[in-house]
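Subject: Structure handover

Hello,

Here is the structure I promised to pass on. Please open it alongside this note, which walks through what was found.

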Amino acid sequence: MRIEPITSRHVLNPTGGFLGDGFTHTINLYRGCALGNSLCGLYCYAQWNPHHTRGRAWGSFLDVKTGFLESYRAQYDRLKHPLRGAPKPLRIFMSSVTEPYPPQERTARRTRSLLEEMLSRPPDLLVIQSHTPLVVDDLPLLTKLHRRCRVQINITVETDKPTLPQGFPSQAYSPAVRIEALRTLKAAGLPTVATVSPLLPLDDPRKFARDLEAVCDRVILDHYLLGDGSPHGQRTKQTDLPRLLERAGYAEWSGLQIFEEVVTIFQEIFGAEDRVGVSRGGFNDIHVPEARKAAASDPEPAPEQSLPWRRQ
Ligand code: SF4
């Protein structure tokens with residue numbers, strides 16, 4: 001993988017389209033993705049963005065941004081301390097076209113340095129969307145920031161299967177370690193959301209729903225036919241995913257009937273209607289369930305958490 005620094009001039013990018021109903025801006029501190037050759041890279045919609053790939057194969061590069069702290073300060077101050085008019089809302093989704101916690105974050109610390117900056121310039125809402133358990137590295141910082149503004153952590157877990165049949169790329173992190181990360185974040189009082197996006201074949205939908213229900217406040221389910229940013233999943237249909245599903249005997253998971261059945265199971269197990277979101281509406285619903293609001297306002301520091309996957 002080719003890793004290079006690049007300069008960021010505008011770290012806060014105005015939203016539109018899929019995320020435009022709930023968020024005002026997105027932040028991507030990397031370009032490309034270190035997980036691009038893993039399972040999620042197979043169907044990752046970011047690979048279709050020519051501005052990011054610039055002709056490079058998805059999974060072959062990671063651009064590491066610099067200069068974004070200065071840019072964040074300047075853009076933040078223009079939004080929140082305008083020369084004229086009222087302050088503007090700042091609801092951030094991080095990240096929309098990259099992973100905010102790739103393994104390289106452990107040395108590059110792009111995300112961590114921005115979170116530290118946000119302590120003095122807090123947005124109204126920060127949603128961190130990750131495919132990895134490494135977000136827990138920043139648990140003390142996230143807990144501190146959550147006392148300054150609304151923070152929500154989304155972790156994607158698309159399947160309960162530890163491995164998929166031959167031909168599928170392997171998962172960068174197992175479902176179990178990602179579920180454990182949600183558990184740790186929730187125990188620390190952070191609002192947590194499991195994103196089953198896009199839904200992949202499940203061994204046991206009821207058990208999966210129960211496992212997720214125990215570790216998150218809400219769940220968002222999506223299917224590539226609904227949420228890959230193209231009409232009728234045209235982008236994903238150009239990838240190997242539908243063919244691999246069919247070859248493995250999972251052709252029905254390419255349709256919406258089984259998706260709707262899984263949504264119904266999750267609605268039963270999560271109970272309250274507002275705890276299960278679907279596709280675009282689910283991602284843009286920035287509602288915090290009542291039970292979590294009390295924890296969010298708790299001024300006590302979170303206790304030390306164990307980081308179970310580090311032992312693996
Ligand atoms: S972690 Fe996210 S951005 Fe990276 S390849 Fe997977 S889906 Fe795409």
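Is Arg-109 buried, partly exposed or exposed? Its relative accessibility is 22%, so Arg-109 counts as partly exposed. Buried would need a value under 20%. One point before going further: this is a predicted model.

**Backbone points to look at**

Start with the general rule. Most residues other than glycine have a negative phi, and most peptide bonds are trans. The places below depart from it.

Arg-109 sits in the loop between H4 and H5. Its phi is positive, about 50°, although Arg-109 is not a glycine.

His-232 also has a positive phi, about 55°, and is not a glycine either. Look for His-232 in the loop between helix H9 (224-227) and helix H10 (234-237). His-232 has 59% relative accessibility, so it counts as exposed.

Now the peptide bonds. The one from Met-94 to Ser-95 is cis, with omega near 15°. Ser-95 is placed in the loop between strand E6 (91-94) and helix H4 (105-108).

Ser-197 and Pro-198 are joined by a cis peptide bond too. Omega there is about -5°. Pro-198 belongs to the loop between strand E9 (192-196) and H8.

**Helix H5 against helix H6**

H5 covers residues 110-118 and H6 covers residues 139-146. They pack at an angle of about 25°, and their axes are 10 Å apart. Angles under 35 degrees count as roughly parallel, so H5 is roughly parallel to H6. The crossing of H5 past H6 is left-handed.

Which residues make the contact between H5 and H6? From H5 come Arg-112, Leu-115, Glu-116 and Met-118. From H6 come Leu-141, Leu-142 and Leu-145. By class, the residues of this H5 and H6 contact are 5 nonpolar, no polar and 2 charged.

**Helix H8 against helix H12**

H8 and H12 also pack together, at an angle of about 45° and with axes 9 Å apart. That angle makes H8 oblique to H12. H8 passes H12 in a right-handed crossing.

On the H8 side, the contact residues are Pro-205, Arg-206, Phe-208, Ala-209, Arg-210, Leu-212 and Glu-213. They meet Ile-265, Phe-266, Glu-268, Ile-269 and Phe-270 in H12. The contact of H8 with H12 holds 8 nonpolar and 4 charged residues, and no polar ones.

**Aromatic pairs**

How many aromatic pairs does the structure hold? There are 6. Two of them are described here.

One is Tyr-72 with Tyr-76. Their ring centres are 5.6 Å apart and their planes meet at 40°, so the pair is tilted. Both tyrosines, Tyr-72 and Tyr-76, lie in helix H3. They are 4 residues apart, about one turn of the helix. Tyr-72 is at 0% relative accessibility and so counts as buried. Tyr-76, at 7%, counts as buried as well.

Another is Phe-208 with Phe-266. This pair is edge-to-face, at 6.1 Å centre to centre and 80° between the planes. Phe-208 lies in helix H8 (residues 205-213) and Phe-266 in helix H12 (residues 256-270), so the pair ties together parts that are 58 residues apart in sequence. Phe-208 is buried, with a relative accessible area of 2%. Phe-266 is buried too, with 0%.

Phe-270 joins in here. Phe-208, Phe-266 and Phe-270 form one aromatic cluster. Each of these names is also on the contact list for H8 and H12. View the cluster together with that helix contact.

**Back to helix H3**

H3 runs over residues 68-80 and includes Arg-78. Is Arg-78 buried or exposed? At 55% relative accessibility, Arg-78 counts as exposed. Tyr-72 and Tyr-76, in helix H3 as well, were given as buried above.

How far is Arg-78 from Lys-88 in sequence and in space? They are 10 residues apart in sequence. In space, Arg-78 and Lys-88 are 8.8 Å apart, C-alpha to C-alpha.

Best wishes

Terms used: Residues numbered from 1 in each chain as written. Predicted model: local features only at pLDDT ≥ 70, side-chain atom pairs only at ≥ 80, totals over all residues. Heavy atoms only, no water. Axes fitted to C-alpha atoms, helices over the stretch in contact; angles between N-to-C directions. Helix = DSSP H or I, 4+ residues; strand = E, 2+ residues; numbered from the N terminus. Parallel < 35°, antiparallel > 145°, perpendicular 65-115°, else oblique. Left-handed = near helix turned anticlockwise from the far one by under 90°. Contact = heavy atoms within 4.5 Å. Nonpolar A, V, L, I, M, F, W, Y, C, P; charged D, E, K, R; others polar. Buried < 20%, exposed > 50% of the residue type's maximum accessible area, 1.4 Å probe, protein only. Phe/Tyr/Trp six-rings, centres within 6.5 Å; stacked < 30°, edge-to-face > 60°.
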